[in-house]
Amino acid sequence: MSAPIRPLHLAVSIDRPGVRDAEPYVRAARLAERGRLDFVTLGDTLGPPRRGASRLDALAVLARVAPATDRIGLVPTVTTTHTEPFRVADAVATLDWVSDGRAGWTAEVSATEAEARHFGRRAPAPADALWQEAAAVTDAAARLWDSWEDGAEIRDAATGRFLDRDKLHHADAQGPGWTVRGPSAVPRPPQGRPVTAVDATRLPARAAAARHADVVYLRTGPTPSPGAVRAARDDLHARLRALGRDPGRVVVLASLSVALYAAADAVALADLAGSWWADGVVDGFHFRPRDPDRDLALLVDGTVPVLQHRGLLRSFYPGGTLREHLCLPRPANRHTTAGRTA
């Protein structure tokens, strides 16, 4: 059957608490890629690991996954609190380069006193203030990614010109306690701007998502309720319209914790996904497997084939970048004529 006009988007978390070796993450991403999922996510926090536990840097892990995969998007969590916006932007841009345009990032904040003490720079802040800062960091990242126009690299050995300096610009971004001048240390990413995702389940994060997110997660409770998710989506869409943004350019995913014990639960998940998508509740799903090995395999070998057979899910990747998977345009640079018009 042909692919639907309005595509169903699927993503999956490959979190593996306590796992230090990168290879299980590589295998999980390859499995998700075999299922033609749009992207994988990997969570992260800023705090020190608990005694007896370990934690890997999500950006570093997915940079290792990038050369071992071909098409699937790679979306690490990046915390905007206690971090330098310049470093955040450059790290995500680097992941976009090493993955040939398959990078995104999930913006997150750090609200705990333990994490504040760990860095020792400032006291913990309320959620509203943290997400206002996250919005400012996200804006600064976009400005830094635009600080190099496309074609700024000349690489002309004959004339000794490496850059066209007229195509480099200052970012001139400010936030609470920081200023970013720029330009970036990394050329403009292949996607122009890597995909920005926000978990907008809670209201403080939803305001930041409405301004800057390309992808929005809406978490469900233990018993998934389409009514609650629809209400949150409608609120998000109203905020987008108030800001002059087109809701059709923001991908809304229901984020579900899943436990698939057999092929028949896998089919039931396909029924739920197809029903919610057909009713316009969401644009797709972000699955969070409770058992990383069992659930991801059943998702790829059970749920995905059912959705493909029903004509709800593609059987191939139509493009090479994450933005192409998500049917999102490549943003025009704000310093070009097209960007200023937009």
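1. Helix H2 spans residues 58–65, and its buried residues are Ala 58, Leu 59, Val 61, Leu 62 and Val 65. These residues lie on the same side of H2, because the arc they cover around the axis is only 160 degrees, taken from the directions from the helix axis to the C-beta atoms. Buried means under 20% relative accessible area (1.4 Å probe, protein chains only). Helices (H or I, at least four residues) and strands (E, at least two) are DSSP runs, numbered from the N terminus.

2. This is a predicted model, in which local features need pLDDT of at least 70 and side-chain atom pairs pLDDT 80 or more, while totals for chains, interfaces and linings use all residues. Residues are numbered from 1 along each chain as its sequence is written, and side-chain values use heavy atoms, without hydrogens and water.

3. The buried residues of H2 pack against helix H1 (23–34), strand E2 (39–42), strand E3 (73–79) and helix H3 (85–98). Contact here means heavy atoms within 4.5 Å.

4. At the start of H2, the backbone nitrogen of Leu 59 has a side-chain oxygen of Asp 57 within 3.1 Å. Asp 44, in the loop between E2 and H2, reaches the backbone nitrogen of Ala 58 with its side chain at 3.0 Å. Asp 44 is buried, with a relative accessible area of 15%.

5. The chain as a whole has 11 helices and 12 strands. Of its 342 residues, 51% count as buried. Among contacts between residues at least 6 apart in sequence, 74% join residues at least 24 apart.

Definitions and conventions: Buried means under 20% relative accessible area, exposed over 50%, partly exposed in between (1.4 Å probe, protein chains only). A polar contact is a pair of N or O atoms within 3.5 Å; within protein, one must be able to donate a hydrogen and the other to accept it, and residues adjacent in sequence count only if both atoms are side-chain atoms.
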